[in-house]
Amino acid sequence: SEEWKGTLNNAAVLRDPDSLTFVKDEVKRFEFQVQNFDGDSITFDSAAFAGHVSIIQIFGSWCPNCTDESVFLKGLYEKYHEAGLSVIPVAFERNPDLSAARESVGKQFGQLELRYEPYYGGRSNKGRASEVFPMLNHISSYPTMIIVDKTGSVRKIHTGFYGPGTGEHYEKHCAELSDFIARLLDEKTPVVLSVNE
């Protein structure tokens, strides 16, 4: 939980949720290290992303918006997995104990019938999430979705999720993301030729 204060501003406009989190250095490769729920260290780097579109979901099993996003991602995965879509969920849990986190995430994945493997980033803390993803300016919200193309380049980072309770915003958001993923999957992967000197 966080303390915050607000002042009513009738002229206020929300910032675009695709602009809140961004890659600090476009040249630096996008890679990160997490654990699987057996406690093994796993690195996701350019080789892990090559040739397919990846969605990295920064989430927590305790987060209702994350659950709504997981349901949406399940549908995307089922529709596009055979075309080359991967989903890489990284959990940040309230209980810092790995076995307790495994139980919470495992229970949710079982209830939602998610067919991809979850990973563990650490305790649910935005500072901790920013440590796992140091190439980003910050993580300001759960969930945060990072979309990586077939070349390993970050193409979109979306902060938050418009759940079903938002009505037309949810429908529009889901349609736009689905279309974006379909377009990324249709992109041709550039062929890199090696030249003998």
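**Exercise 1.** Determine the handedness of the disulfide between cysteine 63 and cysteine 66 in this predicted model.

*Solution.* Begin with the bond itself: the sulfur atoms of cysteine 63 and cysteine 66 are 2.5 Å apart, and the two residues are joined as a disulfide. Next, take the torsion about the S-S bond, which is about 80 degrees; the disulfide is therefore right-handed.

**Exercise 2.** Classify the ring pair of phenylalanine 32 and phenylalanine 44, and locate its members in the chain.

*Solution.* The ring centres are 5.1 Å apart and the planes meet at 25 degrees; because planes under 30 degrees apart count as stacked, this pair is stacked. Phenylalanine 32 belongs to strand β1 (residues 32–35) and phenylalanine 44 to strand β2 (residues 41–44), 12 residues apart. Both phenylalanine 32 and phenylalanine 44 are buried. Ring pairs also place them in a cluster with Phe30, Phe49, Tyr119 and Phe133.

**Exercise 3.** Describe the setting of phenylalanine 133 in the largest nonpolar core.

*Solution.* This core has 55 residues, and Phe133 is among those with the most contacts inside it, together with Phe30, Phe32 and Ile56. Helix α5 (residues 168–186) provides the largest share, 8 residues. Beyond its neighbours within four places in sequence, phenylalanine 133 is in contact with residues including Ile58, Val90, Phe92 and Ile146.

Terms used
Residues numbered from 1 in each chain as written. Predicted model: local features only at pLDDT ≥ 70, side-chain atom pairs only at ≥ 80, totals over all residues. Heavy atoms only, no water. Disulfide = S-S within 2.5 Å. Core = buried A, V, L, I, M, F, W, Y, C linked by side-chain atoms within 4.5 Å. Buried < 20%, exposed > 50% of the residue type's maximum accessible area, 1.4 Å probe, protein only. Helix = DSSP H or I, 4+ residues; strand = E, 2+ residues; numbered from the N terminus. Contact = heavy atoms within 4.5 Å. Phe/Tyr/Trp six-rings, centres within 6.5 Å; stacked < 30°, edge-to-face > 60°.
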